[in-house]
Amino acid sequence: MSKQTESNFWKTLKSNIEKLDSDVVLTRIENSQTPGIPDLLLMDREKRLHMIELKVAKGNQVNLSPFQVSFAVRHQGGNCWVLVQRWRPSGRDPECLLYSSDQVMDVSSRGMKEVVPCLNFPCSGGYSPLVEYLSQGPL
C-alpha cells in the first residue's frame, strides 16, 4: 500500500492517465500566492479545461479549506471539481469520488456519506472512468 498523501495521489493519477490517453493533458498547479486555486489543470479529449482539487481522505470528511470552498462556489456550473481518494478500512483498495463545484459546500459540511458523487470508481482499476466522464460529460 502506498503512502496516503495528495502528492502520491497526484503521481499515480498522472502516470496512469498519461499511459491511458495521450490526448489528455495534466498540469500540476503549484500556487502559494492565491489560496484556494485547485491542484490540477486537466485538458480532456475535447480540449476542454477542468480545474481539479485533489484530496485524500480516510473517513467520511473531506478536508477542504475555506479558500478551496470559496473558489469552488465562485466557479459553480463550470468545469471545477474535487477528486477524493478515499482510503477504506481493512486494507481494501481506495475508491475515487468526483464532486462538482456545485456539491462542494455540501460535501465539505456534510461529508461524503451524505452527498452522492458525480462519479465513483475504484482507484485500483485505473482512471479511465474519470477521463471518460470528463471528456463526454455535459460541460
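Predicted model: local features only at pLDDT ≥ 70, side-chain atom pairs only at ≥ 80, totals over all residues.
Colleague: Let us start with helices. How are two packed helices described?

Modeller: Two numbers do the work: the angle between the axes and the distance between the axes. Here, take helix α1, residues 6-20, and helix α4, residues 128-136. They pack at an angle of about 70°. Their axes are 10 Å apart.

Colleague: Is α1 roughly parallel or roughly perpendicular to α4?

Modeller: Angles of 65 to 115 degrees count as roughly perpendicular. The angle here is about 70°, so α1 is roughly perpendicular to α4.

Colleague: Is the crossing left-handed or right-handed?

Modeller: α1 passes α4 in a right-handed crossing.

Colleague: Which residues make the contact?

Modeller: From α1, look for Leu 13, Ile 17 and Leu 20. From α4, look for Ser 128, Leu 130 and Val 131.

Colleague: How many of the contact residues are nonpolar, polar or charged?

Modeller: Five are nonpolar and one is polar. None is charged.

Colleague: Now single residues. Is Gln 68 buried or exposed?

Modeller: Relative accessible area settles that: buried means under 20%, and exposed means over 50%. Gln 68 has 15% relative accessibility, so it counts as buried. Find Gln 68 in helix α2, residues 66-74.

Colleague: What lies around Gln 68?

Modeller: Set aside the neighbours within four places in sequence. Gln 68 is then in contact with Gly 36, Glu 53, Lys 55 and Asn 63. Look at Ser 65 too. Its backbone nitrogen lies 2.8 Å from a polar atom of the Gln 68 side chain.

Colleague: Asn 63 is on that list. Is Asn 63 buried or exposed?

Modeller: Apply the cut-off again. Asn 63 has 66% relative accessibility, so Asn 63 counts as exposed. Asn 63 sits in the loop between β3 and α2. Beyond its neighbours within four places, Asn 63 is in contact with Lys 55 and Gln 68.

Colleague: Let me try another helix residue. Where is Ser 108, and is Ser 108 buried or exposed?

Modeller: Ser 108 belongs to helix α3, residues 104-110. Its relative accessibility is 18%, so Ser 108 counts as buried. Leaving out neighbours within four places in sequence, Ser 108 is in contact with Gln 61, Leu 64 and Val 69.

Colleague: And the loop residues? Where do Glu 30 and Asn 31 lie?

Modeller: Glu 30 is in the loop between β1 (25-28) and β2 (40-43). Asn 31 lies in the loop between β1 and β2. Now read their accessibility. Glu 30 is exposed, with a relative accessible area of 66%. Asn 31 is partly exposed, at 33%.

Colleague: Next, separation. How many residues apart are Glu 30 and Leu 40, and what separates their C-alpha atoms?

Modeller: Read sequence and space as two separate values. Glu 30 and Leu 40 are 10 residues apart along the chain, with 8.7 Å between their C-alpha atoms. Asn 31 and Arg 92 are 61 residues apart in sequence and 33 Å apart in space, C-alpha to C-alpha. For Asn 63 and Ser 135, the values are 72 residues and 27 Å.

Methods. Residues numbered from 1 in each chain as written. Heavy atoms only, no water. Axes fitted to C-alpha atoms, helices over the stretch in contact; angles between N-to-C directions. Helix = DSSP H or I, 4+ residues; strand = E, 2+ residues; numbered from the N terminus. Parallel < 35°, antiparallel > 145°, perpendicular 65-115°, else oblique. Left-handed = near helix turned anticlockwise from the far one by under 90°. Contact = heavy atoms within 4.5 Å. Nonpolar A, V, L, I, M, F, W, Y, C, P; charged D, E, K, R; others polar. Buried < 20%, exposed > 50% of the residue type's maximum accessible area, 1.4 Å probe, protein only. Polar contact = N/O pair within 3.5 Å; in protein donor to acceptor, adjacent residues only side chain to side chain.
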